[in-house]
Amino acid sequence: MEVAVLGLGEAGSLIAADLVAAGCTVRAWDPLRQPAGIPNAASDLEAVRGADVVLSLTTAAFALEAARRVARELRSDALYADLNTSAPQLKRELAEALPVQFADVALIGVVPSFGLSIPALASGTGAERFAELFRPLGMPVDVVGVEAGAAAGLKLLRSVFMKGIAAASIEALEAAKAAGVEHRIRADIAGVLGEPLLDRLLSGSRTHAARRVDEMQAAAAYVSELGIEPRVATAAAEWLAQLRDTGV
């Protein structure tokens, strides 16, 4: 299978490396990064030309621009899969902008912990085909619908809960520190969540604050679109923005 990977940040570079290890022919493109061990194309157009599958991991902010740039170079039978975390509306816009089958793919979990074996949700016209191609490579893919945006929406609703827990933990521990009882409150929270999950929520929030701000803003927009006031999603986005800007 020939796979083009657009975007070689943390997730893109790890998935591309695993695809190479799995025996796929990979051509990757990122204007800012060229990780060792990953075959890099001279341009995004060269990367997608002739590819069976295009994986977009550019970040949500550039996903639509990236898709429009390469649309005319895609084979008529190619599959274009967007793996960025974004609002369902963006996934629908991507599907409309592309002349090929489209898969809205939501990665569930942390890519550095799983690599290509990360669990995924998929929807869109190309969801079943994505599952058929990537399950044999070790990715557990759950097809959740034929409409682009269905997978993205499910991930964002899950994120309201997970990032909400993280934000609540951060706020409680910051207040506990000010009160001089941080150790006790941390022990109480760890007793509910478990120390490994608490550590992952706290460290992940700081390490990935910038990306998660965008995720939670998208989540807030989606919750609002559903007619629910996004109190938790908005609060989580505000805490993440503070971590991004100040580290505290």
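D44 touches L6, W29, R69 and V70, leaving aside residues up to four places away in sequence. In this predicted model, D44 sits in helix α2 and is buried, with a relative accessible area of 8%. That counts as buried because the cut-off is under 20% relative accessible area.

V70 is among the buried residues of α3, together with A63, L64, A66 and A67. Looking down the axis of α3, you find these buried residues within an arc of 165 degrees, so they line one face of the helix. A61 and R68, on the other side of α3, are exposed. So what covers the buried residues? The cover includes β1 (2–6), α2 (44–48), β4 (79–82) and α4.

Now for the α3 and α4 pair. Two packed helices are described by the angle between their axes and the distance between the axes. Here the axes of α3 (residues 60–70) and α4 (residues 88–97) come within 9 Å and cross at roughly 10 degrees. That makes α3 roughly parallel to α4, because angles under 35 degrees count as such. On the α3 side the contact uses A60, A63, L64, A67 and R68, while α4 brings L90, E93, L94 and A97. Sorted by class, that contact has seven nonpolar residues, no polar ones and two charged ones.

On to the sheet. Which order do its strands take? The sheet is open, with seven strands in the order β2-β1-β3-β4-β5-β6-β7 and mixed pairing. Its edge strands are β2 (25–29) and β7 (141–145), each of which pairs on one side only. From one strand to the next, the twist averages 25 degrees.

For a closer look at one pairing, take β5 (residues 101–107) and β6 (residues 120–123): they run antiparallel and are joined by four bridges. Within β5 and β6, V105 stands opposite A122.

| Helix | Strands touched | Direction angle |
|---|---|---|
| α6 (residues 127–134) | β3 (53–56), β4, β5, β6 and β7 | about 175 degrees with β7 |
| α7 (residues 150–179) | β5, β6 and β7 | about 10 degrees with β5 |

Conventions
Residues numbered from 1 in each chain as written. Predicted model: local features only at pLDDT ≥ 70, side-chain atom pairs only at ≥ 80, totals over all residues. Heavy atoms only, no water. Axes fitted to C-alpha atoms, helices over the stretch in contact; angles between N-to-C directions. Helix = DSSP H or I, 4+ residues; strand = E, 2+ residues; numbered from the N terminus. Parallel < 35°, antiparallel > 145°, perpendicular 65-115°, else oblique. Contact = heavy atoms within 4.5 Å. Nonpolar A, V, L, I, M, F, W, Y, C, P; charged D, E, K, R; others polar. Buried < 20%, exposed > 50% of the residue type's maximum accessible area, 1.4 Å probe, protein only. Arc of directions from axis to C-beta. Pairing = 2+ DSSP bridges.
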